[in-house]
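Biologist: Could you take me closely through the site where the ligand is held, and describe what surrounds it?

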Amino acid sequence: MQKIANYINGALVPPNKSNYLDNYEPATGQVYAQIPDSSTEDVEHAYVAAKAAFPAWSTLSTDERSKILYRIASLIEENLESLAAAESKDNGKPEWLAKMVDIPRAASNFRFYSTAIQHYAAGAHAMSNKAINYTLRGAIGVVGCISPWNLPLYLFTWKIAPALAAGNCVVAKPSEVTPMTAFLLSQICIEAGLPAGVLNIVHGLGHSAGNAIVSHPNIKAISFTGGTQTGAQIAKIAAPMFKKLSLELGGKNPNIIFADCDYDKMLSTTLRSSFANQGQICLCGSRIFVERPLYERFKKDFVQRVAAMKVGDPLDKNSKLGAVVSKAHQEKVLSYVSLAKEEGGHVLCGGYAVHPEGRCKEGYFIAPTVIEGLEYDCRTNQEEIFGPVVTIMPFDTEQEVLEYANSVVYGLASTLWTSNISRATRMAQEIEAGIVWVNCWLLRDLRTPFGGVKASGVGREGGFHALDFFTEPKNVCIEY
Ligand code: NDP
């Protein structure tokens with residue numbers, strides 16, 4: 001069985017204590033690899049390597065750093081097929097999706113930041129006839145990056161690329177549930193000539209390896225994407241140590257549909273925004289509010305289209321949904337379907353585990369699920385489910401739907417469907433979310449601020465925002 005390794009000081013190394021964890025293929029329910037169960041000592045080893053690499057990496061010319069990151073982007077593209085196959089096997093997502101979205105986006109993250117750093121500049125402020133202030137932006141030092149399992153390589157690189165571009169050295173931990181493409185990235189970094197110690201990837205559990213990164217006294221910044229509760233735990237440790245913190249957390253996003261929308265575009269996009277990646281994208285719209293005149297038509301068409309979506313082997317090109325990421329997650333998602341029923345919800349389609357014929361019969365599949373008849377403020381409509389489950393609810397007025405949309409503790413993303421530009425502008429202002437998509441979903445420009453408000457996080461990734469996070473500004477004031 002394959003045993004993957006940590007990537008420390010430019011080499012692939014086993015964990016210090018030789019402890020390993022099983023790695024499951026969600027589509028078959030079988031263990032197929034073993035991953036390091038790294039300890040505090042492994043994280044310390046990684047930190048020491050990163051610290052030693054920092055002086056040379058942070059002073060390397062921007063041009064040289066940029067060239068290496070660009071090379072990593074190209075190698076990710078060259079390895080598209082094998083990376084997509086690995087991502088699909090590790091996570092359960094359809095292979096076509098990994099090929100179309102996850103891996104190309106991981107390459108884009110490196111390419112984007114390899115060029116963004118060339119255009120990054122700090123300001124100057126003249127005080128008339130008196131003095132000039134100029135701001136320096138330097139790398140922080142050794143930083144920590146911790147990422148979740150839903151978009152493994154995509155989100156891992158979204159943190160690592162700007163951290164490295166800005167001149168930091170990194171100790172990173174991917175989710176222990178989906179470590180494989182981070183391991184393959186280590187091999188790519190070696191091939192690309194990334195100097196030893198600049199990036200260190202330590203595999204293992206959140207409460208051991210993750211916690212060791214967060215509580216390390218000399219890892220000066222933590223960029224974390226994951227659940228809100230974990231984010232709160234991390235903040236509790238990192239805040240008293242005065243670390244810089246970027247937290248991208250959970251969501252419970254509204255999808256608001258007005259009767260005057262472009263119906264066909266809305267319907268096909270809503271299928272994606274509800275069930276892409278088995279609904280395991282923090283940006284999926286899991287609460288669908290439909291203006292009453294359109295409600296019955298939408299319900300009929302949507303349920304018909306959802307019921308026809310094929311759930312099955314991620315290797316099958318016709319599978320619209322693959323497996324959810326783990327047995328525990330499958331149970332959690334299905335427990336919310338039971339809760340919805342207890343709360344008076346009516347399941348219009350799905351709501352059960354699927355056992356495909358053949359090699360996937362032991363896999364963790366769930367039929368895409370649509371539920372109606374729930375109040376906006378019940379637990380099913382307030383808590384993050386993070387699976388292929390959506391609720392649909394009618395509304396009558398803008399004011400009413402805004403109240404529903406903003407009633408949750410989260411504020412990550414939202415989607416609005418209307419052809420009335422005044423209404424869209426008005427509502428976009430009022431929705432409590434870091435991202436508002438109008439007549440589209442998941443249309444991403446990497447220059448834009450990305451992140452949430454309320455319990456969905458603190459800070460913004462994307463564009464120069466990430467470079468601001470991964471650098472420390474210093475103002476110099478010269479009187480003349
Ligand atoms: P978790 O919070 O469970 O884990 C995220 C990462 O943190 C994993 O690598 C995990 O390791 C690690 N971790 C867990 N506990 C600790 C700890 N005490 N100290 C340090 N690290 C720790 O999230 P999931 O992996 O379950 O991901 C799903 C969540 O991520 C959802 O809530 C989703 O909304 C959110 N998310 C947010 C996004 C955003 O941009 N806002 C984007 C994508 C997902 P381990 O795997 O071992 O637990």
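Modeller: In this predicted model, the ligand is surrounded by 32 residues, and the closest of them are Glu176, Thr230, Leu249, Cys282 and Glu384. Sorted by class, this shell has 14 nonpolar residues, 14 polar ones and four that are charged.

Some of the polar contacts to oxygen atoms of the ligand can be described individually. An N or O atom in the side chain of Thr230, which is also among the closest residues, lies 2.6 Å from an oxygen atom of the ligand, while a polar backbone atom of Gly227 is 2.8 Å from a ligand oxygen, and a polar atom in the side chain of Lys173 is found 2.9 Å from one. Of the 910 Å² of accessible area that the ligand has on its own, the protein covers 88%, and the space that the ligand takes up is the largest pocket.

As for the elements that build the shell, helix 7 (206–215), strand 11 (221–225) and helix 8 (228–238) each contribute at least two residues, with helix 7 giving the largest share, four residues. On the scale of domains, the shell draws residues both from domain 1 (2–249 + 454–479) and from domain 2 (253–438), and the ligand therefore lies between the two.

Definitions and conventions. Residues numbered from 1 in each chain as written. Predicted model: local features only at pLDDT ≥ 70, side-chain atom pairs only at ≥ 80, totals over all residues. Heavy atoms only, no water. Near = heavy atom within 4 Å. Polar contact = N/O pair within 3.5 Å; in protein donor to acceptor, adjacent residues only side chain to side chain. Areas by Shrake-Rupley, 256 points an atom, 1.4 Å probe, with all protein chains shown as cover. 1 Å grid on protein atoms, 1.4 Å probe; cavity = no way out; pocket = protein on both sides within 12 Å on 5 of 7 lines; lining within 4 Å. Sits in = over half its atoms within 2 Å of the grid points. Nonpolar A, V, L, I, M, F, W, Y, C, P; charged D, E, K, R; others polar. Domains from an automatic or database assignment.
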